[in-house]
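Let's take a walk through a protein model together, one stop at a time. Have the sequence and the 3D view open as you read.

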Amino acid sequence: MTTRGPKDGVTTLRELPRAIEPGRDLWPQIESEISGRGATAPAAQATVSTRRGHGTPLRWLAAAAMVGALAVGVWIGRSVLPGAGPAPLAQAARPAGATLPAAWVSDPRYQRQHEELMRSLGAQLAALPPASRVKVMASLTTIRQAKQQLEEALGKDPGNALLQELLVNTYQDEMRVLTDVREASDAGKGI
Amino acid sequence: MRMTHRLLPAVIALIASAWAWGSDTSGTFEREVAADAHGVVEISNTNGTVDVTGWDRAAVSVKAELGADVDRVEVTTSGNHTMIRVVQRHSPASFNFGHGETHLRVQVPKDSELDVSAVSANATSAGVLGTQRLKTVSGDITAEIGPSDIEVKSVSGSLKLRGKGEPAKLHLSTVSGDLELKHAAGDLEATTVSGELTVEVDPAGSVRLRSTSGDIRFEGRLRHGADFDAQSVSGDLNVRAGTEDGFAFEAASVTGDIRDCFNVEAQRTGEYGPGTKMNGTRGAGSAHVRLKTMSGEIDLCDRR
């Protein structure tokens, strides 16, 4: 039986060979692929990895950008908030759905300071002159609304570095106001 | 007789209120003590006014019109420290809501370091050349800025400061009051939550302005290598900054417009999301200007 190749021209299925034998025994390589071992496996894996790397560069770039943005956010938080050393942000008043980076809201020292100031806020406000109390409460409301707006915007655009920076600074402003109110409420000491 | 019984409570109330009205001030106080020409003068008053002026004498003069609920005025000297304190009659629950206001006029050596602390009292200072720290809770503060550093702070009071173009470090903050600064020079840090910041600094070195909802307006000239940073969540930023040799600028807003006077177009930060930014350089670009807001508008110009 003569084996005909494609160049000879195939006109019917019957003219195709029933089997084409490989030039070498392929089983050892297949076996090594299946078992994850064998001499030829690394080369095959390398080919697969390379293809994956070329196929999704944007995904990696996006991930790197996100990590970078988080790092900047954490750095800003630790640099600007009151007290030396790390002082990231609290979870206070965070609306559902906001996707703040976890590093911002997990620092226990900040949370402790914030909770302490909030707990005593009522008594401190009561010690202020009435006109001042009204204005301070309005300012705290302004800050709370600003935080809410920023968090909602970040929920839609979590990687936005501008929003992250503004939010961190707004948290810092809130701490400043709370601290000022506490100092102001110390009887006879002014602020 | 029946008529007398009916009118008696009204008469008593009338007499009582007349007595209360008349007792808003309960006398005057005057004292003068020798003081170090470069010493520290500390003044505290709860309610009323504190007016401080610098003079050429090495003495501190205190004149006061006392409020009804004032126990005494203390003037003490210790080393180069002179302390003036208006002491209220002890009433913790209403320490700062007293009906009587004490008006304090103090003259201090002009090179003194001044430290004023008040609750509801308005504070003014003029002609003081040393470092000043002026703080109130709800009182307004008006001050002349000398060649030395100044820290001015109020919770709900407004701040009005005027310099003479002499460089100094200025730290100004108010929670809800407005802040107005004119003819200042040097480094400035000013913050407010809901008040408006209107500042004029020429020349300016390091400037950091921040508000949450209040508008920020800056006018001045940036020194070589100056660093200018203004930021608000929802307030507008209006910056007219002349320079010695230009500035590099970076302006960004999430939902607000960005405008300038030198025809650089703001760009969208992304194809799909909100946000605009504008970067560039004017002249040699030795100074740096950063303007950021979420929903406010930005207006930048490189001339006053």
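Start at Ser61(B). Leaving aside its neighbours within four places in sequence, Ser61(B) is in contact with Glu32(B), Val106(B) and Gln107(B). Here, two residues are in contact if their C-beta atoms, placed from the backbone, lie within 7 Å. Look at the pair Ser61(B) and Glu32(B): they sit 29 residues apart in sequence, but their C-alpha atoms are 4.2 Å apart in space.

A quick word on the ground rules. This is a predicted model, where local features need pLDDT of at least 70, side-chain atom pairs count only at pLDDT 80 or more, and totals for chains, interfaces and linings use all residues. Residues are numbered from 1 along each chain as its sequence is written, while chains are lettered from A and ligands numbered from 1 in the order in which they are written.

Back to Ser61(B), which belongs to strand S4 (residues 59–67) of chain B. Helices (H or I, at least four residues) and strands (E, at least two) are DSSP runs, numbered from the N terminus. Is Ser61(B) exposed, partly exposed or buried? It is partly exposed, because 17 other C-beta atoms lie within 10 Å. The cut-offs work like this: 20 or more other C-beta atoms within 10 Å of a residue's own make it buried, 12 or fewer make it exposed, and anything in between is partly exposed, with C-beta atoms placed from the backbone.

His183(B) has a positive phi of about 55 degrees although it is not a glycine. You'll find His183(B) in strand S15 (residues 179–192) of chain B, and it counts as partly exposed because it has 16 C-beta neighbours inside 10 Å. Asn263(B) isn't a glycine either, yet it has a positive phi of about 60 degrees. Asn263(B) lies in the loop between strand S20 (258–260) and strand S21 (267–268) of chain B, and with 5 other C-beta atoms within 10 Å it is exposed. Then there's the peptide bond from Asp202(B) to Pro203(B), which is cis, with omega near 0 degrees. Pro203(B) is in strand S16 (residues 197–211) of chain B.

Now hop over to chain A. How many helices and strands does chain A have? There are eight helices and zero strands. Of the 191 residues of chain A, 27% count as buried.

Let's zoom in on a pair of those helices. Two packed helices are described by the angle between their axes and the distance between the axes. Helix H7 (residues 130–156) of chain A packs against helix H8 (residues 161–184) of chain A at an angle of about 160 degrees, with the axes 10 Å apart. Axes are lines fitted to C-alpha atoms, for helices over the stretch in contact, and angles run from 0 to 180 degrees between N-to-C directions. So H7(A) is roughly antiparallel to H8(A); angles under 35 degrees count as roughly parallel, over 145 as roughly antiparallel, 65 to 115 as roughly perpendicular and the rest as oblique. Residues making the contact include Val136(A), Leu140(A) and Ile143(A) of H7(A), and Leu163(A), Leu167(A) and Val177(A) of H8(A).

Finally, see where the chains meet. That contact takes 32 residues from chain B and 31 residues from chain A. On the side of chain B that touches chain A, the elements giving two or more residues are strand S8 (113–118) and strand S10 (132–136) of chain B.
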